[in-house]
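Please keep the sequence and the model at hand while reading.

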Amino acid sequence: MRSAAVVSWPRCEDAMSPLRRLLPPSVYHHSYSPPWPPTHRFPMWKFHDLALQLLKDQLVTAWEDFVMPQPLQEEWIFLAHEEDYYRRFCSDTLDPAALRRIGFAQRPDHRQLVARTCWEAAGTLTCAREALKVGMAGHCAGGTHHAHRAWGSGYTVLNDLAITAKVLLQEKAVSKILICDLDVHQGDGTAEILQDEPRAFTMSVHCKENFPFGFKGLSHLGHDRSDLDVALPKGLGDEEYLATIFEHLQGALEDVRPELVLYDAGVDIHVEDDLGNLCISWKGLRRREEMVLELCTAKGVPVAFVIGGGYHRKRPHLTRRHAAVFHAASAIWRTRG
Ligand SMILES: [Zn+2]
């Protein structure tokens, strides 16, 4: 297991500085990939691998190019989560069953898990703030969409998308947000937390034969409804998938008229993903990223993207898939005047 690099992070406020010509502001924190059991299904290494990949691909030229998350205030977390749940997680007093439900019972160091969880949620909020400043921003983590108000689930503890939406709405930084969740799994936690928030429109396009649906004995799962849920059949291929997304995202942008899009670019739609049940090719994945970012920018809507889910034991394959949205963002970014 490669350990995450520890570097000092001068904050570059000027998103159009020469260091940022190739990529919109991109958020990363060295805590994202703590030491982790190598056999664990959740690929905790992927965040650091992705940052390295962006350096290797020369989309960023130095670690200092990454934007460091601004820390979360605790009261921001409580806009989306029950205080008791958060405090029990931080103090490592959650019921063992609650940790198993999250999928992180097997964690080497709880304090490092708490730190990376909080920094990850902070990173998505920072990413959204950057997008509001310059039109587009990315996060080398995020998309923790199964986390509910009072419990975690599916490898997610705090819901970065819901926290970000709640904070920006409370601050009146925006009056309407669209969460476009294209991870192969339904964004059930986001749907639950934001169900009574009319200023946040939750859209989830997912495979209907995937978590959180249809798990025998797990009666708490599968009941949450987004404002728009599009449940795709198992095995769907590129053409129908891309046409479905185009239709629904274009419709949502026109109907909702958001002032910000939070885009969960989960890559577990890929045909070779260990957990997904769709058949989207590498070409189809790259086309999705271009299409989503182009649709948002064509409408003049700031877009903040997070990487979401992706599961594959071959590290370079998964890293390359997560890097696709950054390459798509770079292509658009470089054409800006
Ligand atoms: Zn997923």
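In which sense, left-handed or right-handed, does α1 pass α10? The crossing of α1 with α10 is right-handed, a term used when the near helix is turned clockwise from the far one by less than a right angle. The model is predicted, with local features needing pLDDT of at least 70 and side-chain atom pairs counting only at pLDDT 80 or more, whereas totals for chains, interfaces and linings use all residues. Residues are numbered from 1 along each chain as its sequence is written, and side-chain values use heavy atoms, leaving out hydrogens and water.

**Helix packing**
- Helix α1 (residues 46-56) and helix α10 (residues 315-334) cross at roughly 65 degrees, their axes coming within 9 Å.
- Residues of this contact (heavy atoms within 4.5 Å) include Leu 50 and Leu 54 of α1 and Leu 318 and Phe 326 of α10.
- Helix α5 (residues 110-134) packs on helix α6 (residues 160-170) at about 50 degrees, with the axes 8 Å apart, and α5 passes α6 in a right-handed crossing.

**Zinc site**
- The protein donors of the zinc ion (N, O and S atoms within 2.8 Å of the metal, or 3.2 Å for Na, K and Ca) come from Asp 183, His 185 and Asp 268, and lie 1.9 to 2.8 Å from the ion.
- The 4 donor atoms of the zinc ion make angles of 53 to 153 degrees, and the site is irregular.
- Asp 183, in the loop between β3 and α7, and Asp 268, in the loop between β6 and α9, are 85 residues apart and link distant parts of the chain.

Definitions and conventions: Axes are lines fitted to C-alpha atoms, for helices over the stretch in contact, and angles run from 0 to 180 degrees between N-to-C directions. Helices (H or I, at least four residues) and strands (E, at least two) are DSSP runs, numbered from the N terminus. Four donors count as tetrahedral if all angles lie between 85 and 135 degrees; four count as square planar and six as octahedral if opposite donors are over 155 degrees apart and all others between 65 and 115; anything else is irregular.
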